[in-house]
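Biologist: I'd like to learn how to read a model like this one, feature by feature. Can we go through it together?

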Amino acid sequence: MSSTTTQTYTGPSKTVPTDYPLIDNDPHFKRVLAYARPSDYAHGIAAAAVGPGLLLAMERFAPSQVGKGGFAQAMRLGGFLGVAGGFLYFYQRSILRFYGMSENAREVQMDMREMVDKVKAGKPLYGESQLSPAMQGMAARQSRYSALFFGVLPWFNFVNHNQHGVDTAKYYQQAERELEAERLSKGGFQSGVQAGAQ
């Protein structure tokens, strides 16, 4: 009797050529929110207000005559749709910078700082996961570049996994450089103290 083993595809994550550096082709939901710019919030709020605002303006200029309570229900629905659309617009503006599809110099620096700090602290770069590697891979394949399909199906990544389309060696190399610089600066300080003591 022979035992069977299941193999899982663990090849490189697919990436799309872009004008700006790729930070992450499947960022976690929390990272997308944390890296959002104030302009993303402003655009999201403006987009959320458009639907109810236009509905209210149309009611002022051409009353719908829907009767008591009818317009309030329409405003509630318009408000919900506006908030949902505004959030998706806000989220997409932020995540497109992770994909390198819009200017992202600020986010590249934030990403490097966050990951280097994790390397120095000995933490996993993309968080710990309770899922098996096979399940993590399936989750990554389902949500990779999902924001490009928001118009059809909003889909977010809530899974910690290690398939993000970038070479993580750059984080470890930067951490080594910083630790070496810290070691040299401490060595120079100590030799200065010793020279002063003589």
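Biologist: How far apart are the end C-alpha atoms of residues 41-58, and how much of the span is helix or strand?

Modeller: Keep in mind that this is a predicted model. The end C-alpha atoms of residues 41-58 lie 26 Å apart, and the span is 100% helix and 0% strand.

Biologist: What does the chain do over residues 70-91?

Modeller: Over residues 70-91 the chain is 100% helix and 0% strand, with 32 Å between the end C-alpha atoms.

Biologist: How does the reach of helix α3 compare with the expected value?

Modeller: The general idea is to set the end-to-end reach against 1.5 Å a residue. Helix α3, residues 70-98, has 29 residues and reaches 43 Å from its first C-alpha to its last, close to the expected 42 Å. After α3 comes G100, with a positive phi near 80 degrees.

Biologist: Which residues of α3 are buried, and what do they pack against?

Modeller: Buried here means under 20% relative accessible area. In α3 the buried residues are G78, G82, G86, F90, Y91, S94, I95, R97 and F98. The helices that the buried residues of α3 pack against are α1 (29-34), α2 (38-61) and α4 (105-121).

Biologist: Now for α5. Which of its residues are buried, and why are they on the same side?

Modeller: In α5, residues 133-143, the buried ones are Q136, G137, A139, A140 and S143. They cover an arc of only 160 degrees around the axis, so they fall on the same side of α5.

Biologist: And what follows α5?

Modeller: Y145 does, and its phi is positive, near 55 degrees. That's a positive value in a residue other than glycine. Y145 sits in the loop between α5 and α6. Its relative accessibility is 11%, so Y145 counts as buried.

Biologist: How do I read a nonpolar core, and which residues touch the most other members in the largest one?

Modeller: As background, nonpolar side chains tend to be buried together in soluble globular proteins. In this model, the largest nonpolar core has 22 residues, and Y91, I95, L125, Y126 and Y171 touch the most other members. The elements giving two or more residues to this core are α1, α3, α4 and α6 (169-197). Its largest share, four residues, comes from α3.

Biologist: What does L125 touch?

Modeller: Leaving out residues up to four places away in sequence, L125 touches M115, K118, V119, T168, Y171 and Y172.

Biologist: Let's finish with the rings. How many aromatic pairs does the structure hold?

Modeller: It holds 14 aromatic pairs. One of them is F29 with F87, a tilted pair at 6.2 Å centre to centre and 40 degrees between the planes. F29 lies in helix α1 and F87 in helix α3, so the pair ties together parts that are 58 residues apart in sequence. F29, at 17% relative accessibility, counts as buried, while F87, at 31%, counts as partly exposed.

A further tilted pair is Y35 with F98, at 5.1 Å centre to centre and 45 degrees between the planes. This pair links distant parts of the chain, 63 residues apart: Y35 is in the loop between α1 and α2, and F98 is in helix α3. Both Y35 and F98 are buried.

Biologist: Which residues form one aromatic cluster with F29 and F87?

Modeller: The cluster is made up of F29, Y41, F87, F90, Y91, F150, F156 and F158.

Technical notes
Residues numbered from 1 in each chain as written. Predicted model: local features only at pLDDT ≥ 70, side-chain atom pairs only at ≥ 80, totals over all residues. Heavy atoms only, no water. Expected span 1.5 Å × (residues − 1). Buried < 20%, exposed > 50% of the residue type's maximum accessible area, 1.4 Å probe, protein only. Contact = heavy atoms within 4.5 Å. Arc of directions from axis to C-beta. Core = buried A, V, L, I, M, F, W, Y, C linked by side-chain atoms within 4.5 Å. Phe/Tyr/Trp six-rings, centres within 6.5 Å; stacked < 30°, edge-to-face > 60°.
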